Amino acid sequence: MKRERARLVIADDHRMVVQGLEQMLGARYDIVGVAYAGDELLELLERTTADVVLLDLSLPGRSGLDILPDIRAVQPDLEVLVLTMHTDRVLAEASIAAGARGFVPKDAGMEELMLALSEVVAGRRYVSPRVPKSSHRVGLDALHASLAKLTERQQTILRLLGQGLTSAEIGDKLGLSENTITFHRKRIRTILGLKTEWELTRQAILVHLATSGAAARKPR
């Protein structure tokens, strides 16, 4: 049974944002901890019981998307509401698939954030109406031109990244060091003309979705 005041953890790498959220949400929630990085959040959850985490995706080190499965492993009953600057259907769907209960962009107002938190704490899914309805998914034919530029090893890394694996996990799977995977990620970004890690993550998710969809459509 949920407590009268739900216990909230805030995870965001901007201290001013954290302080603002603490002030605005403290009247309704018991804020039991804050974290400014992904690994810091996991360590906090190992020793602190909470009902809901307000999770930024753009955390240093391991991103919010990377650690979502680990959050579920540490506290299976913990609800997660993603609060992010990325208003993107692909990332919203990936966050929900990885274990988040809700997804709200940071340009939403406090009224919507309060609504989203109440829905998530109650165990209901909430995706902001600000998130586009269309994910602009692309098929393998459209992705082929980009994939053709990559080596077979780079294509494998991109697909594994799209499945939500971290650099360390990809390295273990392929028998390579984490530093080698990090190098390949930088090369993939350069080859595909992607400026940020988030653009790489989004492209990897699209590749994974398109590949999974194509496999599902193959006749048996």
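I count two rings of Phe, Tyr or Trp as a pair if their centres lie within 6.5 Å. With that cut-off I find 0 aromatic pairs in the structure. I note here that the model is predicted.

**Entry: a charge and a ring**

I looked next at Tyr 36. Arg 15 lies over the face of this ring. The distance from the ring centre is 3.9 Å.

**Entry: overall make-up**

I went through the chain as a whole. It holds 10 helices and 6 strands. The chain has 220 residues, and 47% of them count as buried.

I then took strand 1 and strand 2 (residues 30-35) together. They pair in the parallel sense over 5 bridges. Between these strands the chain passes through helix 1 (residues 15-25). This β-α-β crossover is right-handed. I picked out two positions. Leu 8 stands opposite Ile 31 in strand 2. Ile 10 has Val 34 of strand 2 as its bridge partner.

**Entry: the nonpolar cores**

Which residues have the most contacts inside the largest nonpolar core? I list Leu 41, Leu 55 and Ile 71. This core has 30 residues. Several elements give two or more residues to it, among them strand 1 (7-11), helix 2 (38-47), strand 3 (52-55) and helix 10 (197-217). Helix 3 and strand 4 are also on that list. The largest share, 5 residues, comes from helix 4. As background, nonpolar side chains tend to be buried together in soluble globular proteins.

I followed Leu 41 through its contacts. Leaving out residues up to four places away in sequence, Leu 41 touches Val 9, Ala 11, Ala 35, Val 53, Leu 55, Ile 67 and Ile 71. Another core lies apart from the largest one. I count 21 residues in this other core, including Val 18, Leu 81, Ala 108 and Ala 116.

**Entry: Gln 75**

Is Gln 75 buried or exposed? Gln 75 counts as buried, because its relative accessibility is 11% and the cut-off for buried is under 20%. I place Gln 75 in the loop between helix 3 (64-74) and strand 4 (79-84). I set aside its neighbours within four places in sequence. Gln 75 is then in contact with Leu 45, Thr 48, Thr 49 and Ala 50.

**Entry: Glu 79**

I moved on to Glu 79, which is found in strand 4. Why does Glu 79 count as buried? Its relative accessibility is 9%, and buried means under 20%. I also checked Glu 79 against Gly 123. These residues are 44 residues apart along the chain. Their C-alpha atoms are separated by 7.4 Å.

**Entry: Ser 128**

I ended with Ser 128. Where does Ser 128 lie? It lies in the loop between strand 6 (126-127) and helix 6 (140-147). At 1% relative accessibility, I log Ser 128 as buried. Not counting residues up to four places away in sequence, Ser 128 touches Phe 103, Val 104, Pro 105 and Glu 112.

Technical notes
Residues numbered from 1 in each chain as written. Predicted model: local features only at pLDDT ≥ 70, side-chain atom pairs only at ≥ 80, totals over all residues. Heavy atoms only, no water. Helix = DSSP H or I, 4+ residues; strand = E, 2+ residues; numbered from the N terminus. Buried < 20%, exposed > 50% of the residue type's maximum accessible area, 1.4 Å probe, protein only. Contact = heavy atoms within 4.5 Å. Core = buried A, V, L, I, M, F, W, Y, C linked by side-chain atoms within 4.5 Å. Phe/Tyr/Trp six-rings, centres within 6.5 Å; stacked < 30°, edge-to-face > 60°. Lys NZ or Arg CZ within 6 Å of the ring centre and 35° of its normal. Pairing = 2+ DSSP bridges. Right-handed = clockwise from strand over helix to strand, strands pointing away.
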